[in-house]
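Please keep the sequence and the structure in view while reading.

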Amino acid sequence: MKIKFTCPVCGYPDLLDPPRDHNICVSCGTQFDYDDCVKSHEELRERWLKSGARWYSKRVVAPHGWDPHEQLLLAGLYSPKTAHVA
């Protein structure tokens, strides 16, 4: 069984690689060790939400019924601050 990782920006729970080494989250599009070198995960999350919290990948299809706000909630990343951005 392959270990899965969670994106610290959007809470996507099924990353196949750890959030580092220039891997890119299929959900929010964060490129780790690049985007998060100049902005915090919280700032990247706010930017993603403000831009509409759309599914990023064109190759990987979003899970059936995917909801970015539920994803954040399940990951424990949904807060009063993110709630007003969405």
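## Terms and basis

Helices (H or I, at least four residues) and strands (E, at least two) are DSSP runs, numbered from the N terminus. This is a predicted model, in which local features need pLDDT of at least 70 and side-chain atom pairs count only at pLDDT 80 or more, while totals for chains, interfaces and linings use all residues. Residues are numbered from 1 along each chain as its sequence is written, and side-chain values use heavy atoms, with hydrogens and water left out.

## The segment before α1

For accessibility, buried means under 20% relative accessible area, exposed means over 50%, and partly exposed lies in between, with a 1.4 Å probe and protein chains only. D33 counts as partly exposed because its relative accessibility is 35%, and H22, with a relative accessible area of 44%, is partly exposed as well.

Q31 also lies in the segment before α1, and at 24% relative accessibility Q31 counts as partly exposed. Leaving aside neighbours within four places in sequence, Q31 is in contact (heavy atoms within 4.5 Å) with H22, N23, I24 and D36. The C-alpha atoms of Q31 and R20 are separated by 8.0 Å, and these residues are 11 residues apart along the chain.

## A buried serine and the nonpolar core

S27 is found in the segment before α1, a helix that spans 35-38, and S27 counts as buried because its relative accessibility is 0%. Residues up to four places away in sequence not being counted, S27 touches C10, Y12, W48, R54, W55, Y56, W66 and Q71. With such sequence neighbours again left out, Y12 touches S27 in turn, along with F5, T6, C7, C25, V26, W55, P63 and Q71.

A nonpolar core is a set of buried Ala, Val, Leu, Ile, Met, Phe, Trp, Tyr and Cys residues joined through side-chain atoms within 4.5 Å. The largest such core has 15 residues, of which C7, C10, Y12, C25, C28 and W48 touch the most other members. The largest share of this core, three residues, comes from α2.

## Salt bridges

How many salt bridges does the structure hold? There are two, where a salt bridge is a side-chain nitrogen of Lys or Arg within 4 Å of a carboxyl oxygen of Asp or Glu. In one of them D21 pairs with R20, the closest N and O atoms being 3.3 Å apart, and R20 is partly exposed, with a relative accessible area of 44%.

The side chains of E46 and K50 also meet in a salt bridge, at 3.2 Å from N to O. E46 and K50 are separated by about one helical turn because they are four residues apart in helix α2 (residues 41-50). E46 is partly exposed, with a relative accessible area of 21%, whereas K50 is exposed at 59%.

## The largest pocket

On a 1 Å grid over the protein atoms alone, a pocket is an open set of points where a 1.4 Å probe fits, with protein on both sides within 12 Å along at least five of seven lines, and lining residues have an atom within 4 Å of a point. The largest pocket has a volume of about 220 Å³, its grid points being joined across faces, edges and corners, and its volume being the space filled by probe spheres set on the points. The residues that line the largest pocket include Y12, D14, N23 and Y56.
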